[in-house]
Amino acid sequence: MLVARGLTKEYQSGTQRLTVLRDVSFDVHRGETVQVAIVGNDFTLSYSGVATEAGRKGDPVRVRFPTSGNVLVATVSGPGKVMIED
């Protein structure tokens, strides 16, 4: 079962109708620069990274760090924000 959220736009071409669904409910979008919080027992570090996939709050997403090229998995914590917990 496919459940779609967001906007719907229909295009009419001859006798065919194409419905395009765009999901606008993601908190993090692929290619977006995100704020990465690395949280430990006694500290929080903050970096910028680039999401390599889209996700909603609570979803795991991969984030690439431009300076090192490393990719880590983080949890979406809000719009444009992800978190890695110790």
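How many bridges join E3 to E7? The two strands run parallel and are joined by 5 bridges. Strands here are DSSP runs of E with at least two residues, numbered from the N terminus. Two strands pair if DSSP finds at least two bridges between them.

The model is predicted, so local features need pLDDT of at least 70, side-chain atom pairs count only at pLDDT 80 or more, and totals for chains, interfaces and linings use all residues. Residues are numbered from 1 along each chain as its sequence is written, and side-chain values use heavy atoms, with hydrogens and water left out.

The chain holds 7 strands and 0 helices. Its pattern along the sequence is β-β-β-β-β-β-β. Of its 86 residues, 20% count as buried. Buried means under 20% relative accessible area, exposed means over 50%, and partly exposed lies in between (1.4 Å probe, protein chains only).

Five strands form a closed barrel in the order E3-E4-E5-E6-E7, with mixed pairing. On average, neighbouring strands of this sheet are turned by 50 degrees against each other, direction ignored. The axes are lines fitted to C-alpha atoms, and angles run from 0 to 180 degrees between N-to-C directions.

E3 covers residues 33–39 and E4 covers residues 44–51. These two strands pair in the antiparallel sense over 7 bridges. Ile38 has Leu45 of E4 as its bridge partner. Val39 stands opposite Glu85 in E7.

Strand E7 spans residues 81–85, and its side chains alternate. Val82 and Ile84 point to one face and are buried. The hairpin of E6 and E7 has 2 residues between the strands. In this hairpin, Gly80 takes a positive phi near 70 degrees.

Phe43, Leu45 and Tyr47 make a nonpolar surface patch of about 290 Å². Patches are made of residues with over 30% relative accessible area and no salt bridge; like charges are joined within 9 Å, and nonpolar side chains (Val, Leu, Ile, Met, Phe, Trp, Tyr) within 5 Å. Accessible areas come from the Shrake-Rupley method with a 1.4 Å probe, and for residues only the protein chains shown count as cover. Phe43 is placed in the loop between E3 and E4. Its relative accessible area is 40%, so Phe43 is partly exposed. Tyr47 is partly exposed too, at 43%.

The structure holds 1 aromatic pair. The ring centres of Tyr47 and Phe65 are 6.3 Å apart and the planes stand at 85 degrees, so this pair is edge-to-face. Rings of Phe, Tyr and Trp (its six-membered ring) pair if their centres lie within 6.5 Å; planes under 30 degrees apart count as stacked, over 60 as edge-to-face and the rest as tilted. Tyr47 lies in E4 and Phe65 in the loop between E5 (60–64) and E6 (71–78), so the pair ties together parts 18 residues apart in sequence. Phe65 counts as buried because its relative accessibility is 10%.

The count of salt bridges comes to 1. A salt bridge is a side-chain nitrogen of Lys or Arg within 4 Å of a carboxyl oxygen of Asp or Glu. The side chains of Arg62 and Glu53 meet in this way, at 3.6 Å from N to O. Arg62 is partly exposed at 41% relative accessibility, and Glu53 is partly exposed at 24%.

Definitions and conventions:
Helices (H or I, at least four residues) and strands (E, at least two) are DSSP runs, numbered from the N terminus.
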